[in-house]
Amino acid sequence: MAASERTALGPLVGAIDQGTSSSRFLVFNAKTAELLSHHQVEIQQKFPREGWVEQDPKEILNSVYECVERTCEKMKQLNINIANIRAIGVTNQRETTVVWDKTTGEPLYNAIVWLDLRTQSTVERLLKRIPGKNKTFSKFKTGLPLSTYFSAVKLRWLLDNVEEIRKAVEEKRAMFGTIDSWLIWSLTGGKNGGIHCTDVTNASRTMLFNIHSLEWDPELYGQAKNTYGTGCFLLCNTGQKSVFSEHGLITTIAYKMGRDKPVFYALEVIFFVCALEKLAADVGTSYGCYFVPAFSGLYAPYWEPSARGIICGLTQFTNKKHIAFAALEAVCFQTREILDAMNKDCGIPLSQLQVDGGMTNNKILMQLQSDILCIPVVKPSMPETTALGAAMAAGAAEGVGVWSLNPGDLTAVTCERFEPQINPEESEYRYARWKKAVMKSMGWETSDSDSSIFSSLPLGIYIMSSMLVLIGAKYRSG
């Protein structure tokens with residue numbers, strides 16, 4: 001691109017992509033959706049106890065500052081005028097909970113990350129107050145089951161266990177929010193007039209928000225696409241109708257594109273994955289070996305915290321390559337399980353699955369996914385679809401209007417397509433065997449027993465990764 005073309009790009013839109021492992025800032029051309037510049041900064045996770053996962057809110061904020069500064073420096077080097085950035089969207093790790101002091105601007109405790117398990121006892125205590133210990137008591141207001149995953153129980157734990165937070169609440173100094181709220185408040189002035197806000201999609205993950213009235217619910221306060229990455233998140237857009245799952249899925253808000261615009265809902269599921277490619281590429285089969293990555297229990301559709309990760313079906317012929325292949329298959333089986341549930345709830349089977357995220361660069365995984373689903377898997381050539389979506393929403397916002405969301409104005413996206421290559425009977429047999437393995441993973445832990453070494457997802461993945469690194473090293477050494 002010539003210098004004159006760079007200076008004449010027209011309106012630009014930025015996106016802050018604050019994830020569990022890193023923060024990024026990306027800038028897109030609002031006319032062509034071209035990614036012009038970006039920068040990424042890794043962030044640390046803290047594990048003060050088994051099953052506890054925390055992050056420093058100040059580190060998260062500073063990583064965003066650094067990403068913005070470095071991206072702007074890169075744009076200046078490319079002779080792109082940063083004054084043309086008209087809006088910035090935010091996409092973030094949801095459910096991660098922050099409480100801070102509005103008078104000092106300082107966090108009152110580390111952020112409790114979405115996959116943290118410390119609130120299991122809080123969940124059990126709340127369940128005892130509910131007739132029949134029904135985990136879905138709040139589902140028709142929030143779309144969510146009672147689980148350690150969501151923000152409300154994390155906030156309850158903070159109020160019960162952190163004296164500084166209790167005191168700040170009593171003195172009306174405490175502010176609560178998910179990561180988007182913490183970032184926006186800090187970036188718009190912080191203690192000097194920062195805006196404390198969120199949007200309906202993040203609010204819908206707190207268990208404190210009524211997804212029908214689109215309001216914070218006093219009663220709840222009193223009681224309490226597939227993206228492959230650190231977690232795997234699969235969404236099915238159900239339009240303006242909120243579909244309540246009978247198969248263990250979450251009903252959530254997909255988007256609301258303006259103050260007076262209608263709200264659109266989705267069915268969503270979260271599960272955790274880890275995978276390999278090189279070893280799996282050499283063998284092409286798990287040889288009857290099945291891997292269930294339930295490092296922090298099973299989430300949708302089971303919502304079973306007692307489950308733990310297992311590898312089963314081992315024989316004297318099983319080797320490291322088969323285990324690596326089984327790890328990849330586990331991702332695909334989990335997706336198949338969720339799509340089956342979505343199809344039953346929605347009544348409209350998917351004809352293809354659209355995917356994004358870093359793991360979609362693994363072609364073996366994408367082909368396996370198509371084989372096990374028995375439908376095509378479609379991967380867009382634009383790898384940053386999550387950040388692009390945030391930028392598009394910001395650019396189309398009221399008062400900005402530099403990005404048209406009319407279908408006729410959107411730039412066509414090229415895609416890579418993976419078609420099924422095995423017969424449906426083989427897919428069904430392998431899927432049934434994996435579900436048998438899932439059943440065997442359940443009931444491993446009880447609420448009265450001590451947390452096992454695998455109760456921490458990051459620790460569990462670390463151990464699995466270490467094991468696979470060791471067998472990979474042995475493989476390379478012959």
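Which residues do ring pairs link into a cluster? In this predicted model, the cluster consists of Tyr290, Phe333, Tyr431 and Trp434.

**View 1. The whole chain.** The chain carries 15 helices and 19 strands. Of its 478 residues, 52% count as buried.

**View 2. The largest nonpolar core.** This core has 40 residues, and Val292, Leu365 and Trp434 touch the most other members. Two or more residues come from each of these elements: helices H10 (278-283), H11 (320-346), H12 (363-373) and H14 (424-441), and strands E15 (290-292) and E17 (353-356). H11 gives the most, with 13 residues.

**View 3. A stacked tryptophan pair.** Twelve aromatic pairs are found in the whole structure. One of them joins Trp182 and Trp185, which are stacked with 6.4 Å centre to centre and 20 degrees between the planes. Both residues lie in helix H7 (residues 179-187), three residues apart, which is about one turn of the helix. Trp182 is buried at a relative accessible area of 0%, and Trp185 is buried at 3%.

**View 4. An edge-to-face pair between two loops.** The ring centres of Tyr287 and Phe317 are 6.4 Å apart and the planes stand at 70 degrees, so this pair is edge-to-face. Tyr287 is in the loop between H10 and E15, while Phe317 is in the loop between strand E16 (310-312) and H11; the pair therefore ties together parts that are 30 residues apart in sequence. Tyr287 is partly exposed, with a relative accessible area of 43%, whereas Phe317 counts as exposed at 54%.

**View 5. Cysteines without a disulfide.** The structure holds zero disulfides. Cys289 is in none, and the nearest cysteine sulfur, which belongs to Cys312, is 7.3 Å away. Cys289 counts as buried, with 0% relative accessibility. Cys72 is buried as well, at a relative accessible area of 16%.

View 6. Met257, Leu405 and Leu410 make a nonpolar surface patch of about 210 Å². Leu405 lies in the loop between helix H13 (385-395) and strand E19 (415-418). Its relative accessible area is 34%, so Leu405 is partly exposed.

Conventions
Residues are numbered from 1 along each chain as its sequence is written. This is a predicted model: local features need pLDDT of at least 70, side-chain atom pairs count only at pLDDT 80 or more; totals for chains, interfaces and linings use all residues. Side-chain values use heavy atoms; hydrogens and water are left out. Patches are made of residues with over 30% relative accessible area and no salt bridge: like charges are joined within 9 Å, nonpolar side chains (Val, Leu, Ile, Met, Phe, Trp, Tyr) within 5 Å. Accessible areas come from the Shrake-Rupley method with a 1.4 Å probe; for residues, only the protein chains shown count as cover. A salt bridge is a side-chain nitrogen of Lys or Arg within 4 Å of a carboxyl oxygen of Asp or Glu. Helices (H or I, at least four residues) and strands (E, at least two) are DSSP runs, numbered from the N terminus. Buried means under 20% relative accessible area, exposed over 50%, partly exposed in between (1.4 Å probe, protein chains only). A nonpolar core is a set of buried Ala, Val, Leu, Ile, Met, Phe, Trp, Tyr and Cys residues joined through side-chain atoms within 4.5 Å. A disulfide is a pair of cysteine sulfur atoms within 2.5 Å. Rings of Phe, Tyr and Trp (its six-membered ring) pair if their centres lie within 6.5 Å; planes under 30 degrees apart count as stacked, over 60 as edge-to-face and the rest as tilted.
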